[in-house]
Amino acid sequence: MASSPIMSGAISPTLPAHWRDFVALTKPRVMTLVVFTGLCGLLAAPGHIHPVLAFTAILCIALGAGAAATLNQWYEKDMDGLMKRTANRPLPAGRMDPQSALHFGVGLSVFSVLLMGIATNWLAAGVLAVSILFYVFIYTIWLKPRTAQNIVIGGAAGAFPPVIGWAAVTGDISALPVALFMLIFFWTPPHFWALALFVKTDYAAAGIPMLPVVSGEVATRRQIWFYTAIMAAAAMAPVLLGLTGPVYGTTALLGTALFAFFAFQVFRRRESDPSRMGPERRLFKYSILYLFLLFGAVVVDRWLMA
Ligand code: HEM
Ligand SMILES: CC(C)=CCC/C(C)=C/CC/C(C)=C/COP(=O)(O)OP(=O)(O)O
């Protein structure tokens, strides 16, 4: 079991923390896709927004998501120290004191929401605030330590960015941003459980009730397949409702068929070999590319339809 240096008392946090550790707290790699889906929501929206305000809105989504990730790591600093994948994060590794992280997370949350409200409108700011609160209170504090379905409901936090981007332009929420919300919402379980299948022992070590730990691999594979089917319906909904055109239609059809193929391979397997690039890793990696492709296609289509 990996044990963090700070927990074992080997080191104490040094102050002030390096700026790189503050950046690390915001989970910048995950944020790329969060920002991209938010940007696509903004670009697909009808109407005009000044480029400076558009940039500010996207910055606020990035800062809000970074703030939520920071508060998540502040709350989970002890658990993160127990998992190999997360033990080297700034807090469990002892490179930052918890209070700095808490102040940074709260400050950034308030700043991002206020700036969004002042720069665009208070609907966009309100949805941003809801997504931060949802990620911190509903997912991290309430659901994650309690139920194996934690990411199904909690994952809603990550589905809000396209809605925020859209609302920043239009001041309202209509069918397309709701459809995009649904797509990310039903994409999250296969995205995460594919990863959880090959880092299962990590979650068990930290006592986090992730699905493969609680219900086993077979049940997780079945659930990945189940949510992939619902995600496929959500991916095709914008086409069937006439909200998007042929570019999205083709991308969604081919992209989802490949997703379903990879998910089926995961479903069929009975045991994963963590040392190899198995179907689980392939599905996880492809899940990220998939969302980039579909959201990019939404924007291209909306431009062609305009
Ligand atoms: C509750 C929902 C989710 C959970 C539990 C989850 C979990 C994870 C985990 C554990 C990783 C491994 C890498 C890391 O620790 O940084 C990861 C990677 C990633 N996630 Fe998710 N995720 C969720 C939702 C999302 C959403 C909504 C997005 C964006 C729309 C997203 C985008 C990504 C990306 C881009 C990576 C790859 C990062 C890299 O290249 O290292 N995730 N996710
Ligand atoms: C605008 C806004 C607030 C957007 C929120 C976007 C967001 C934070 C989505 C969730 C993504 C994510 C990395 C979850 C990790 O779960 P985890 O924290 O359980 O992962 P861990 O095991 O790596 O700590």
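Helix α2 supplies 6 residues to the shell around ligand 1, the largest share of that shell. The model behind this picture is a predicted one, and the ligand makes a handy place to start looking around it. In total, 19 residues sit around ligand 1, and those that come nearest are Arg-29, Leu-33, Ile-151, Gly-155 and Gly-158. Besides α2 (28-44), the elements giving two or more residues to this shell are α7 (150-154), α10 and α15 (279-305). Sorted by class, the shell around ligand 1 comes out as 10 nonpolar, 7 polar and 2 charged residues. Both domains take part here: domain 1 (25-173) and domain 2 (174-305) each put at least three residues into the shell around ligand 1.

Ligand 2 has its own set of neighbours. Its shell holds 20 residues, with Val-30, Ala-65, Ala-68, Ser-131 and Gly-158 the closest. Here α3 takes the lead, with 6 residues as the largest share of the shell around ligand 2. At least two residues each come from α2, α3 (51-75), α6 (122-143) and α8. By class, the shell around ligand 2 splits into 12 nonpolar, 5 polar and 3 charged residues. Gly-158 turns up in both lists, being among the residues that come nearest to ligand 1 and among the closest to ligand 2.

Next comes the way the two domains meet. The domain assignment divides the protein into domain 1 (25-173) and domain 2 (174-305), and the C-alpha centres of these two domains are 21 Å apart. Across the boundary, 29 residues of domain 1 are in contact with 29 residues of domain 2. On the domain 1 side, α2, α7, α8 (156-159) and α9 (161-170) supply at least two residues each. Helix α2 gives the most to this side, namely 7 residues. The side of domain 1 that touches domain 2 is made up of 19 nonpolar, 5 polar and 5 charged residues.

The largest nonpolar core tells a related story. This core has 97 residues, and Leu-128 and Leu-183 are the ones that touch the most other members. Helix α10 (residues 175-198) brings in 14 residues, the largest share of the core. Because domain 1 (25-173) and domain 2 (174-305) both give residues to this core, it lies between them. As for Leu-183, once neighbours within four places in sequence are set aside, its contacts are Met-231, Ala-234, Ala-235 and Leu-294.

Lys-27 sits in the loop between α1 (19-25) and α2. Most residues other than glycine have a negative phi. Lys-27, though, has a positive phi, near 50°. With 18 other C-beta atoms within 10 Å, Lys-27 counts as partly exposed. Pro-246, for its part, belongs to helix α14 (residues 246-268). From Pro-246 to Arg-268 the separation is 22 residues in sequence and 32 Å in space, taken C-alpha to C-alpha.

How values were computed
Residues are numbered from 1 along each chain as its sequence is written. Chains are lettered from A and ligands numbered from 1 in the order in which they are written. This is a predicted model: local features need pLDDT of at least 70, side-chain atom pairs count only at pLDDT 80 or more; totals for chains, interfaces and linings use all residues. A nonpolar core is a set of buried Ala, Val, Leu, Ile, Met, Phe, Trp, Tyr and Cys residues joined through C-beta atoms within 7 Å. A residue is buried if 20 or more other C-beta atoms lie within 10 Å of its own, exposed if 12 or fewer, and partly exposed in between; C-beta atoms are placed from the backbone. Helices (H or I, at least four residues) and strands (E, at least two) are DSSP runs, numbered from the N terminus. Domain bounds come from an automatic or database domain assignment. Two residues are in contact if their C-beta atoms, placed from the backbone, lie within 7 Å. A residue is near a molecule or strand if its C-beta atom, placed from the backbone, lies within 6 Å of it. Ala, Val, Leu, Ile, Met, Phe, Trp, Tyr, Cys and Pro count as nonpolar, Asp, Glu, Lys and Arg as charged, and the others, Gly among them, as polar.
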